[in-house]
Amino acid sequence: MPLHFRAAIALSCLLLAAAPARAADITLDQAVLAAGEKGKVTFKNVLLTDCNLSQSEAASLFSGALTREEAGALLERLTAKQMKIPETEILTAGGDHYILHDLVADNIAKGGADSLTLASVDGVMPDDSGDATLHSGALRFQNLSLPGFAAALRGADLGLPTYRFAHLNWDGGEVSVVDKGTPAGAPGGNRILMHAGLSQVDQTFDADGAQLSIDARFNDLSVKMPPQSKGGTTLTAFGYPEVSADAHVSGAYDAAAKTYKLADYSFDLRQIGKIAFSSQFSGLDKTAFLGDKEAREQAVQAANIDWAQIDVTNSGLFDKIVAFVALSQGQSPDQVKAQWRGVVSQAPLLFSGAPAIGVTARAVDRFIVDPKTLTLRVKGKDGPLKLADLLHITDPMAFVARLDVTAAPVGKP
């Protein structure tokens, strides 16, 4: 063979050896990841399509054979068109047992994926009084990113936000837990049943990863106590065989203005009432979302709270409480309300006539008379309050004196 031809072959082999491995399909029949002394995670039939890792690298990643630093580096390098895991079994050190069904991730790269879906999750949590059970319906994430996960594995700040996503749909789920105070043979059983319906979360982030907006809705949340339990009999006496509610969270951050507005944080309990919180913060640097633990804490404490508001709407519970107390004390509902109004009228005296307490007391008094809505907005009397002040209140009387409270008329929040 001519010398120049042999040299060309040798050069080609050298280039191939130096080039990165081509993407290929990788199959792992089963991989077991140790989780402490007794826990473990078992991945069954893992399929990575068009994956840039070698078979041995993928196996080591799922087996837990790598150090935290090595696993973090490998996760950052991993790319794949798709990952499918039909079944993942999780056994915790405490004996809890979970099975994740049909996990699928598409277009994996840079510690994230275009989408991740999970068909369902089933779990059993052993207990001497009876096992608790869990079932979750399908979860669907879009634009999932885990920027801090690899860093945490490398031993960095474990409090760093480890994941974010643009959109989540959840079909809901159920949890069943034994009420230890109710006998197993009691009529109606002795289990507390918790349910969640269809839920949705939408978020946006800036180029650095700071959250710019969130809108989350959790629907058909409910808790049903055993009929013969203490809680069950109390709820039944008030006409509530179960407690059900919807929850909503909505907020937006303006990085340029360094302001965050919590538009709504509310729970709407059906036939009971609704409670909603809202507020606005200023001087909030985005290191509060992205920095290390110390930087986040400093950014939060340096921020101001411009105002905070609470809105309460009565949908029947207040009237039932008044009727219940009246019946138990042998009084009329009007007599009970008169007693409560008398107690509320004394509140300002406990705070040396502080204007904020006076406004609050008058608003509560109006609500007792006509229980429809109650709205109170609080802000600093001489300017915004530092969040650090709220976290370190040493003199309640002096702090209350710094507050300005306004109340909306009844029925007009």
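Modeller: Helices α9 and α11 are roughly antiparallel to each other (angles under 35 degrees count as roughly parallel, over 145 as roughly antiparallel, 65 to 115 as roughly perpendicular and the rest as oblique). This is a predicted model: local features need pLDDT of at least 70, side-chain atom pairs count only at pLDDT 80 or more, and totals for chains, interfaces and linings use all residues. Residues are numbered from 1 along each chain as its sequence is written, and side-chain values use heavy atoms, with hydrogens and water left out.

Colleague: At what angle do helix α9 and helix α11 pack?

Modeller: Helices (H or I, at least four residues) and strands (E, at least two) are DSSP runs, numbered from the N terminus. Axes are lines fitted to C-alpha atoms, for helices over the stretch in contact, and angles run from 0 to 180 degrees between N-to-C directions. The axes of α9 (residues 333–345) and α11 (residues 355–369) lie 9 Å apart, and the packing angle is about 175°.

Colleague: How many residues in the contact of α9 with α11 are charged?

Modeller: Contact means heavy atoms within 4.5 Å. From α9, Lys337, Trp340, Arg341 and Val344 meet Ala361, Val364, Asp365, Ile368 and Val369 of α11. Ala, Val, Leu, Ile, Met, Phe, Trp, Tyr, Cys and Pro count as nonpolar, Asp, Glu, Lys and Arg as charged, and the others, Gly among them, as polar. The contact then has six nonpolar residues and no polar ones, and the number of charged residues is three.

Colleague: Is Leu385 buried or exposed?

Modeller: Leu385 is part of strand β18 (residues 385–386). Beyond its neighbours within four places in sequence, Leu385 touches Ala303, Asn304, Ile305, Gly380, Phe399, Arg402 and Leu403. Buried means under 20% relative accessible area, exposed over 50%, and partly exposed in between (1.4 Å probe, protein chains only). Leu385 has 5% relative accessibility, so it counts as buried.

Colleague: What is the C-alpha to C-alpha distance between Leu385 and Ile305?

Modeller: Ile305 is one of the contacts of Leu385. In sequence the two are 80 residues apart, but in space, C-alpha to C-alpha, the distance is 5.4 Å.

Colleague: How many salt bridges are there?

Modeller: Side chains of opposite charge can pair when their charged atoms come close. A salt bridge is a side-chain nitrogen of Lys or Arg within 4 Å of a carboxyl oxygen of Asp or Glu. Asp206, Asp208 and Lys286 are linked in a network of such bridges. By this rule the count is 13.

Colleague: How many residues apart are Arg77 and Glu57?

Modeller: The side chains of Arg77 and Glu57 form a salt bridge, with N to O at 2.6 Å. Arg77 is in helix α3 (residues 68–77) and Glu57 in helix α2 (residues 55–63), so the pair links distant parts of the chain, and the separation in residues is 20.

Colleague: Which residue with a positive phi follows α2?

Modeller: In α2, the buried residues are Ala58, Ser60, Leu61 and Phe62. They pack against β1 (24–35), β2 (39–51), α3 and β3 (80–91). The residue after α2 has a positive phi, near 80°, and is Gly64.
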